[in-house]
Amino acid sequence: MSTFLSSVAVLLSTLALGCSGYVAYEVFTLRETLNATNTNTLSNTTPTLVPTPTATTSLTQPTASPLPATATTSAIQPGQFVQPAFGKKAEVELLSAKRIKDPETGNRDVINVQMRIRRLATDGVVGSDIISIASATARNPDTSVTYKGVALDRSTGTVSLFQVRPQASADAYIWLRVPDGVNNLDIFVPDTAAFKNVPISS
């Protein structure tokens, strides 16, 4: 009886061992099949190409186009040209020196000089203290050429300090004949210190 049972036990053990080997083989075969399938799938798949960013052109500042040339205009600033007259009795201030067109000839060879005469003295002013605006002249500081007034009726004429109240002022003007192209002048008003290098506006 014991011999029979031993034989049965050996037979069952052999069958179990064979089944275990078979199962192990099947598992191994299945794993190889899966690995082969995954390898084929990956090799047959076309990779998605992601475009690489290209180097962008560096932005440069736009070159500023040159501005068109414009005619320069030089204006006299308030208080820029002030000179004493008749000693310390008065002062003369140039208000403007502007090039204008001669209405008779149409040429731009006339400078309109406007000025303000201010009486400073409270006493000591006599009737002969008269500034002859019509006798004012100008000079080219580069060539020393002298320019005179256009005509007597193109100026204020004269300004009498005696008729101007103390600390009051009187405006005057004169037209000077100055060729076009002259941009600076030395201006001389009688009984007044000289005005040097006065800019001409246009």
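Predicted model: local features only at pLDDT ≥ 70, side-chain atom pairs only at ≥ 80, totals over all residues.
1. Helices (H or I, at least four residues) and strands (E, at least two) are DSSP runs, numbered from the N terminus.

2. Residues are numbered from 1 along each chain as its sequence is written, and side-chain values use heavy atoms, with hydrogens and water left out.

3. Four strands form an open sheet in the order 1-2-3-8, with antiparallel pairing; two strands count as paired if DSSP finds at least two bridges between them. Strand 1 (82–85) and strand 8 (169–177) stand at the edges with a single partner strand each, so one side of each is left without a neighbour in the sheet.

4. Strand 3 (residues 110–119) pairs with strand 8 in the antiparallel sense over nine bridges. Within strand 8, Tyr-173 is the bridge partner of Gln-114.

5. Of the 202 residues in the protein, 26% are buried, that is, under 20% relative accessible area with a 1.4 Å probe, protein chains only. The protein exposes about 13,900 Å², of which carbon and sulfur atoms supply 58%, the areas coming from the Shrake-Rupley method with a 1.4 Å probe.

6. Taking contacts (heavy atoms within 4.5 Å) between residues at least 6 apart in sequence, 66% of those in the protein join residues at least 24 apart.

Notes:
Buried < 20%, exposed > 50% of the residue type's maximum accessible area, 1.4 Å probe, protein only.
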